Amino acid sequence: MSSILLEAAERANRYVEALPTRNVAPTPEALAALDRLTGALGSEGVPEDRVIAELDEVGGPATVANAGGRYFGFVIGGGLPVSVAANWLAGAWNQNTAMEVMSPVGVRLERTALEWIRDLVGLGPEVRGAFVTGDTVANFSALLAARQSVLERVGHDVARQGMAGAPPVSVVVGEEVHVSMLRAIALAGLGRDRVVRVPVDDQGRMRADRLPEFQGPTIVCTQAGNVNSGAFDPVPEISRAAHAAGAWVHVDGAFGLWARASPRYRGLAEGVESADSWALDGHKWLNVPYDSGAVFLRDWTALRASLASGPAAYLPSGGSVEPFELVPEMSRRARGIDAWAALRHLGRSGVADLVDRCCAHALRFARRLEDAGFRILNDVVLNQVLVSFGDEATTRRIIAELQRDGTCWCGGTVWHGTAAMRISVSSWATTTDDVDRSVAAMIRLAGR
Ligand SMILES: *Cc1c(COP(=O)(O)O)cnc(C)c1O
């Protein structure tokens, strides 16, 4: 056994054990010490045990402790231990899952994990998925399929002929579209500034009664889980109108689609299966290590056509679809193994419980903060809470002080013109005690 691997495992274990007692944000001293790891590359190498020691001793304290239970910024998962461990093992295996012949185990487990996720979030048996780096690339991949499909219907093969000379494609989004969706739209050559924005309601949901007239090739990008409020677009109504006009409907369900895995919260995302494509993250609510996301398609032939590279003598042809045919990458790590391990360990009830616990913690945050006299700005239906501590300057000051204080970490946002602090409960590791300690810190700082 190579001792460097054991050494890393022991150091990682000590890091994880220290999480409950350390500051969530790194201290300024820890960040300043990073200078020791940077600078010009030496001509002589450094022994491997020293590389790992300095990485742990200098790098570790400079991490943001989002693997612990008191990180509530953005929407960030905590890294389930079984999944992190599987990730290490798979890392030692060094498998490339571009093709089955390169990694039979990687490809089999990836397909299994994708089917498990598809079934957990209640998409039909005809739906097929692919692992990518995250929800942004999942959205991008879905747009490639959508673009190929809606243009094929008007006689344009965009994979072969390109976007130059293609009939215009309308892209419809909600006013509250996630910025990464706009980036994916730009990447797909559909033009960030060309999108048609649909007005939203007070929770940020797209208003189905305000959809535009659909004319010509059209892609509608809906959202399951607003990054601020946690609210869901009315996908079934939107799908009905869009499909009647031959449009493609996509669902950005980065974290929100996981609500479907819980009998208690499934109703929030009722009817999302009526869409044509879906994107979600593994590294958010499933709590697998970074990075991990997946795209799902009802009909994957358009995605395969849009990513086709043409024949190459050394690539397999015919037979089953290889993983690389459904993703923008060719070589790729065995991302599915991390997800397989998390799902195998949790089972259906464990995933539901993970969702339920996070949502219960979010409600506890909201109730405690409301009891303390602060204003909750959203309907807390899922795992997201928006709180105002008063005027804009006060809210911003408390967010900054909280981040410095180190008990927990929350970011800020602006919700319908009001400055707010965002609390996103997305980690398997968060306990009731973590919530109470964090609320106490917020009240203490706001009371000053
Ligand atoms: C996080 C998020 C994204 C972007 O996902 P990445 O995994 O960071 O690429 C897109 N949409 C929504 C709604 C999100 O919450």
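Author: Buried means under 20% relative accessible area, exposed over 50%, and partly exposed in between, with a 1.4 Å probe and protein chains only. The model is predicted, so local features need pLDDT of at least 70 and side-chain atom pairs count only at pLDDT 80 or more, while totals for chains, interfaces and linings use all residues. Residues are numbered from 1 along each chain as its sequence is written, and side-chain values use heavy atoms, with hydrogens and water left out.

Reader: Why is Arg 298 called partly exposed?

Author: The relative accessible area of Arg 298 is 28%. Partly exposed covers the range between the buried and exposed limits, so Arg 298 is partly exposed.

Reader: What makes Arg 298 and Glu 126 a salt bridge?

Author: A salt bridge is a side-chain nitrogen of Lys or Arg within 4 Å of a carboxyl oxygen of Asp or Glu. For Arg 298 and Glu 126 the N to O distance is 2.6 Å, so the pair qualifies. Glu 126 is also partly exposed, at 40%.

Reader: Which parts does this pair tie together?

Author: Arg 298 lies in the loop between β7 (293–297) and α10 (301–307), and Glu 126 in the loop between α5 (104–120) and β1 (128–132), so the pair ties together parts that are 172 residues apart in sequence. Helices here are DSSP runs of H or I with at least four residues, strands are runs of E with at least two, and both are numbered from the N terminus.

Reader: How many residues separate Arg 397 and Glu 401 in helix α12?

Author: They are four residues apart in helix α12, about one helical turn.

Reader: Is Glu 401 buried or partly exposed?

Author: Glu 401 has 13% relative accessibility, so it counts as buried. Arg 397, at 32%, counts as partly exposed.

Reader: What makes the span of α12 close to the expected one?

Author: The expected span is 1.5 Å times one less than the number of residues. Helix α12 (residues 392–405) has 14 residues and reaches 20 Å from its first C-alpha to its last, close to the expected 20 Å. Gly 406 follows α12 and has a positive phi, near 90 degrees.
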